[in-house]
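The sequence and structure come next.

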Amino acid sequence: MNIIQAENYQQMSELAAKKLIEQINSKSDSVLGLATGSTPEGLYEEIIKAHKEGNVSFKDVTTFNLDEYVGLSKDNDQSYYYYMHKLLFDHIDLKDNQANLPNGDAEDLQEECSRYEASIQQAGGIDIQILGIGLNGHIGFNEPGTPFSIQTHIVDLDASTRNANARFFDSIDEVPLQAITMGIDSIMQTKQIILLVSGSKKAEALEKLVNGPVTEDFPASILQKHPNVTIIADREALAELSQ
Ligand code: GLP
């Protein structure tokens, strides 16, 4: 694993944007794996800025998001569909039909999981995957205990994850109980991973990810086995590692 230290959140976002832009400028039809949460918001701002300055075009790019809540419609402002459109897609020249998210509102959720996984394969696989990490080591919404062999699937969200994400909702009761997520196997098949970590709250999780045992109890630990991972983390997030 390659670890890059950023001074702060802003620099982490800029470094990640530079890598994504380099990827797209060297392969205009790149397939990107995108993440939600607070962590990549700065990255998306930097990308929009670069696009507006004429430094990158998404017209041939395809994107796949990691996950989506079950039961929220696209116009629900807490759905990841809404998040991606508001924070990125509405401001760049990515074609609508090339921006993919799991449909958490599908009638047949199992079928939706298979369809989503197949569409990643049809696009030729993901060239570069952006990841964040949950406090309990989840990546995407793969909670502790998720088999490493699993592809896109439906998950019951951990109480701790629902609590952590409650800050975006009016109350904890409104946080969905389930989500669709790309599986650990889907994530491990991506050609390159950029993991973003910011803030002291994530320091312990980052230390476990890098130095802990590879175990399904801490899903992100599997990244130790991926051949091309770059971690971009700020000083606060790296505090436990440097000790
Ligand atoms: C969320 C998302 C993950 C994200 C993680 C951390 O629940 N499903 O993809 O990486 O939790 O979120 P944040 O960046 O807000 O800390």
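How far apart do the end C-alpha atoms of residues 8-226 lie, and what share of the span is helix and strand? In this predicted model, those end atoms are 26 Å apart, and the span is 33% helix and 14% strand. An unreviewed UniProt entry annotates residues 8-226 as "domain: Glucosamine/galactosamine-6-phosphate isomerase".

**Annotated positions**

The UniProt annotation "active site", from an unreviewed entry, covers Asp67, Asn136, His138 and Glu143. From this set, Asp67, Asn136 and His138 belong to the lining of the largest pocket.

His138 sits in the loop between strand E6 (128-131) and strand E7 (153-156). Its relative accessible area is 12%, under the 20% cut-off, so His138 counts as buried. Neighbours within four places in sequence aside, His138 has contacts with Gly132, Ile133, Glu143, Thr161 and Pro219.

**Helix pair**

Two packed helices are described by the angle between their axes and the distance between the axes. The two helices here are listed with their contact residues.

| Helix | Residues | Contact residues |
|---|---|---|
| H2 | 41-52 | Glu41, Tyr44, Ile48 |
| H3 | 80-87 | Tyr83, Met84, Leu87 |

H2 and H3 pack at an angle of about 40°, and their axes are 10 Å apart. The two helices are therefore oblique to each other. The residues of the contact of H2 with H3 comprise 5 nonpolar, no polar and 1 charged.

Conventions: Residues are numbered from 1 along each chain as its sequence is written. This is a predicted model: local features need pLDDT of at least 70, side-chain atom pairs count only at pLDDT 80 or more; totals for chains, interfaces and linings use all residues. Side-chain values use heavy atoms; hydrogens and water are left out. Axes are lines fitted to C-alpha atoms, for helices over the stretch in contact, and angles run from 0 to 180 degrees between N-to-C directions. Helices (H or I, at least four residues) and strands (E, at least two) are DSSP runs, numbered from the N terminus. Angles under 35 degrees count as roughly parallel, over 145 as roughly antiparallel, 65 to 115 as roughly perpendicular and the rest as oblique. Contact means heavy atoms within 4.5 Å. Ala, Val, Leu, Ile, Met, Phe, Trp, Tyr, Cys and Pro count as nonpolar, Asp, Glu, Lys and Arg as charged, and the others, Gly among them, as polar. UniProt positions are given in the numbering used here, feature names are shortened, and annotations may be inferred rather than shown by experiment. On a 1 Å grid over the protein atoms alone, a cavity is a set of points where a 1.4 Å probe fits but cannot get out, and a pocket is an open set with protein on both sides within 12 Å along at least five of seven lines; lining residues have an atom within 4 Å of a point. Buried means under 20% relative accessible area, exposed over 50%, partly exposed in between (1.4 Å probe, protein chains only).
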